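Me: I have a structure to read and I am new to this. Please take me through it one feature at a time.

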Amino acid sequence: MKHLDNLYNPYQTPRHTTIARNGMVATSQPLASQAGLAILQQGGNAIDAAIATAATLTVVEPTSNGIGGDAFALVWVKDKLYGLNGSGHSPSSISIEDLKKRGYKEIPKYGFVPVTVPGAPGSWVELSNRFGKLPFKNLLAPAIRYAEEGYPISPVLGKFWSMAADKFKDILEGEEFSHWFDTFAPNGQAPQIGEVWKSGGHASTLRKIANTKGDAFYKGELAEQMDQFSKQYGGYISKEDLANYKPEWVEPISVNYKGYDVWEIPPNGQGIVALSALNILREFELQEKESADTYHKQIEAMKLAFADGEKYVAEESHMDVRVEALLNETYAAERRGLIGEEALTPEAGTPSKGGTVYLATADAEGNMVSFIQSNYMGFGSGLVVPGTGIALQNRGHNFSLDPRHPNALDGKKRSYHTIIPGFLTKGEQPVGPFGVMGGFMQPQGHVQVAMNTIDYHLHPQAALDSPRWQWIKDKTVWVEPHFPKHVAETLARKGHKIEVQLEAGAFGRGQIIWRDPNTGTLYGGTESRTDGTISAY
């Protein structure tokens, strides 16, 4: 109905866990989860469903991800967990020296400077080649259809799209940004809630990727278009950078937290920050969940883990501290000993040296996928390759211009990366995929969801609906409006600077699927802070 406010709801409306057996797809957009379910019902497996869902999300949630972004995946197949690092490297021609010659004192958020090679399309192809059942071309069909025929804008999507368009109108100056507005703000404004939006450029690009298994994107026509666009405006990314890119299969890393193994992708991702925090927390005897002592220890552990992450985490080959050293129990005990009754301003320790969409899928065979994809900071760099719908990411903004830092900018290097998929196992059995998207909220969301599940035995939907906090910097902590007031007041007395935030989007958006190892029954939770939904059968 035309005059209804689709973002207004005066009532608390808790959801229940979704339960099914044959297949499940959990993500932030109903149309995307249904696309994945359709692939399952056509005989595809969880990997096929994840690819179809991810591709569809580039169309139906472009505020958070796109064809020009990155991806990571944790994949459980035949009693083994596999990791895929689908983050792209910096252009080979970029350097700190060259940026300084151009007058940059820091890496900008927008424009060509922070653009890195997109890894998402290559990740879809890599997953399909190794584990998929259906032809790759079939998997992108739903995304192509939505791009070509259009779809009506959902409530939270519409809100963030309008916010991004308003911001970009104020800050994006220059002809190179005009193609973003042509694509995402036709007629001078973002599409409104309920309005149908479509993009022939998206459809054409996805069809070329589908028909060539990604070759058109990395070595063909689309690579040429990206190269020409970059050269036209003095960008660094080139067709050679695209041609030299390939996603990397990696060994997942984990810590054991109170009988469960929590798994993440190794650096350059920040999953190690979540593991470090859980490693610090695991020896504490935590009481009830809604306790100031529980929240205080969580926040303090998170701060210490982030301080280490900021100082040491980079592409693993450039780190001067080994992953094992950061996750060592002796080092965790040392960090744990710093947590007292008062809030600390965190500092890195000295270990021994040596915008995003998330989706989860599962099928009846026991395959499960934890998948995350992002352009970073919503729409990314503000650049869209003309006529293609390819919104280029701005992941390079995370590099440091300090040449002594492990995460220092250099050519053909992966930056510190915020997007992280999670996975939970117990003994030799998989429990399932989980994730919380949203910049530097992600490891904080992982810790909160994992503890809600393991320490407080909350079912998947309750584990996601639980009020969240987010450490921002120093002693500043944001909390949601429904965060317990008495706990917030006690935390303030411990020295935390508590700030209540009205915008739920700041606290991440998560999905969970747990699998019963005895029955194969799937239990799913989805994010109430966005347009999240679960499709299952």
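Me: Is His 417 buried or exposed?

Reply: Buried means under 20% relative accessible area, exposed over 50%, and partly exposed in between, with a 1.4 Å probe and protein chains only. His 417 counts as buried because its relative accessibility is 1%. This is a predicted model, where local features need pLDDT of at least 70 and side-chain atom pairs count only at pLDDT 80 or more, while totals for chains, interfaces and linings use all residues. Residues are numbered from 1 along each chain as its sequence is written, and side-chain values use heavy atoms, with hydrogens and water left out.

Me: Where is His 417, and which residues is His 417 in contact with?

Reply: Contact means heavy atoms within 4.5 Å. Helices (H or I, at least four residues) and strands (E, at least two) are DSSP runs, numbered from the N terminus. His 417 sits in the loop between strand 13 (390-391) and strand 14 (422-426). Leaving aside neighbours within four places in sequence, His 417 is in contact with Asp 70, Phe 72, Ser 87, Asn 268, Gly 269, Gln 270 and Arg 395.

Me: What is the relative accessibility of Tyr 312?

Reply: The value is 5%, so Tyr 312 counts as buried. Tyr 312 belongs to helix 14. Not counting residues up to four places away in sequence, Tyr 312 touches Met 319, Asp 320, Val 321, Leu 326, Ala 348, Gly 349, Thr 350, Pro 351 and Pro 406.

Me: Which residues touch the most other members of the largest nonpolar core?

Reply: A nonpolar core is a set of buried Ala, Val, Leu, Ile, Met, Phe, Trp, Tyr and Cys residues joined through side-chain atoms within 4.5 Å. Here the largest one has 96 residues, and Trp 124 and Leu 140 touch the most other members. Helix 2 (residues 46-60) gives the largest share of this core, 10 residues. Apart from it lies another core, of 56 residues, including Val 255 and Trp 471.

Me: Which residues line the largest cavity?

Reply: On a 1 Å grid over the protein atoms alone, a cavity is a set of points where a 1.4 Å probe fits but cannot get out, and lining residues have an atom within 4 Å of a point. Grid points are joined across faces, edges and corners, and a volume is the space filled by probe spheres set on the points. The largest cavity holds about 70 Å³ of space. Among the residues lining the largest cavity are Lys 289, Thr 294, Tyr 295, Arg 468 and Trp 469. Helix 14 (292-312) and helix 17 (442-454) each supply at least two residues of this lining, and the largest share, three residues, comes from helix 14.

Me: What is the phi of Met 377?

Reply: Most residues other than glycine have a negative phi. Met 377 is not a glycine, yet has a positive phi of about 50°. Met 377 lies in the loop between strand 11 (368-374) and strand 12 (384-385). Met 377 is partly exposed because its relative accessible area is 26%.

Me: What is the phi of Asp 474?

Reply: Asp 474 has a positive phi of about 45° although it is not a glycine. Asp 474 lies in the loop between strand 16 (469-473) and strand 17 (476-479). With a relative accessible area of 42%, Asp 474 is partly exposed.

Technical notes. On a 1 Å grid over the protein atoms alone, a cavity is a set of points where a 1.4 Å probe fits but cannot get out, and a pocket is an open set with protein on both sides within 12 Å along at least five of seven lines; lining residues have an atom within 4 Å of a point.
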